[in-house]
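Please look at the sequence and the structure before reading on.

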Amino acid sequence: MAARDNSPDCIVAAMDAGRHAPRVATTEHNVGESAALQAWLQLVLQVGATARTVRRQLAGQIASSELSEQEFLVLWLCDDAGVAHRGQGELAEAVGVSPAQMSGLVERLRTRDLLKFERCGNDRRRQVWQLTSAGESLLADVCQLLASPGGKLHGSLNTAELEQLRQLLDQWLPTAQSTPDQGGPSSCAA
């Protein structure tokens, strides 16, 4: 039996070799599965990168409103008549932040008199968030800015193509419901 070389150089070389080895072993029976997995993982990366880029674009477009992109999305979601009475948990999930981060977001918006909370009728412990008149006014102004010719956020996709993309994403991940939990039509959908 040959002795193993456990020297630091040999360990680093073995680790480096493992880093460059394919993650998914391919054999004749799983080549199709491997290709599907590779395509799925590439799409996961592309969707993540695209989401970050689009959110940066949104943040840049609304910077003059003194709202962060997350604050704007909270206001927009609270204005969504299709899903009234959103609690902090629903808002956190839809915006993609932790419940603790959402707590800070809604508190900042409440302090600025853009949001107000009400107690839910059935569960008095539950707070639901609604826009104040100042919040409605600011949201309308920002939406008008986004709808202006200089406010292009969606690249070269038209409205029908954007809807098709949304439907494909819903079909791809049926558990990640983009409507109504993550926002449907609101006053911005002019």
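## A nonpolar patch and its helices

Helix α7 gives the most to the nonpolar patch, with three residues. The members of this surface patch are L43, V47, L157, L162, L165 and L169, and together they have about 400 Å² of accessible area. The elements that contribute two or more residues are α2 (31-62) and α7 (159-172). Patches are built from residues with over 30% relative accessible area and no salt bridge; like charges are joined within 9 Å, and nonpolar side chains (Val, Leu, Ile, Met, Phe, Trp, Tyr) within 5 Å. A salt bridge is a side-chain nitrogen of Lys or Arg within 4 Å of a carboxyl oxygen of Asp or Glu. Accessible areas come from the Shrake-Rupley method with a 1.4 Å probe, and for residues only the protein chains shown count as cover.

The model is predicted, so local features need pLDDT of at least 70 and side-chain atom pairs count only at pLDDT 80 or more, while totals for chains, interfaces and linings use all residues. Residues are numbered from 1 along each chain as its sequence is written, and side-chain values use heavy atoms, with hydrogens and water left out.

## The chain as a whole

The chain has seven helices and three strands. Helices (H or I, at least four residues) and strands (E, at least two) are DSSP runs, numbered from the N terminus. Their order from the N terminus is α-α-α-β-α-α-β-β-α-α. Of the 190 residues, 25% are buried; buried means under 20% relative accessible area, exposed over 50%, and partly exposed in between (1.4 Å probe, protein chains only). The accessible surface comes to about 12900 Å², and 56% of this belongs to carbon and sulfur atoms. Among contacts (heavy atoms within 4.5 Å) between residues at least 6 apart in sequence, 55% join residues at least 24 apart.

## Helix α5

Helix α5 (residues 99-111) has 13 residues and reaches 18 Å from its first C-alpha to its last, close to the 18 Å expected at 1.5 Å a residue. The expected span is 1.5 Å times one less than the number of residues. Which residues of α5 are buried? They are M102, L105, V106 and L109. Seen down the helix axis, the buried residues of α5 fall within an arc of 90°, so they line one face. The arc is that of the directions from the helix axis to the C-beta atoms. What covers these buried residues includes α3 (69-79), α4 (88-95), β2 (115-119) and β3 (127-131). The face of α5 turned away from its buried side carries the exposed residues A100 and T111.

## Individual residues

Most residues other than glycine have a negative phi. E66, in the loop between α2 and α3, has a positive phi near 60°. D113 lies in the loop between α5 and β2.

The table lists relative accessible areas.

| Residue | Relative accessible area | Class |
|---|---|---|
| E66 | 64% | exposed |
| D113 | 46% | partly exposed |
| L162 | 32% | partly exposed |
| Q61 | 23% | partly exposed |

L162 is found in helix α7, and Q61 in helix α2. Q61 and V142 are 81 residues apart in sequence, and their C-alpha atoms are 8.9 Å apart in space.
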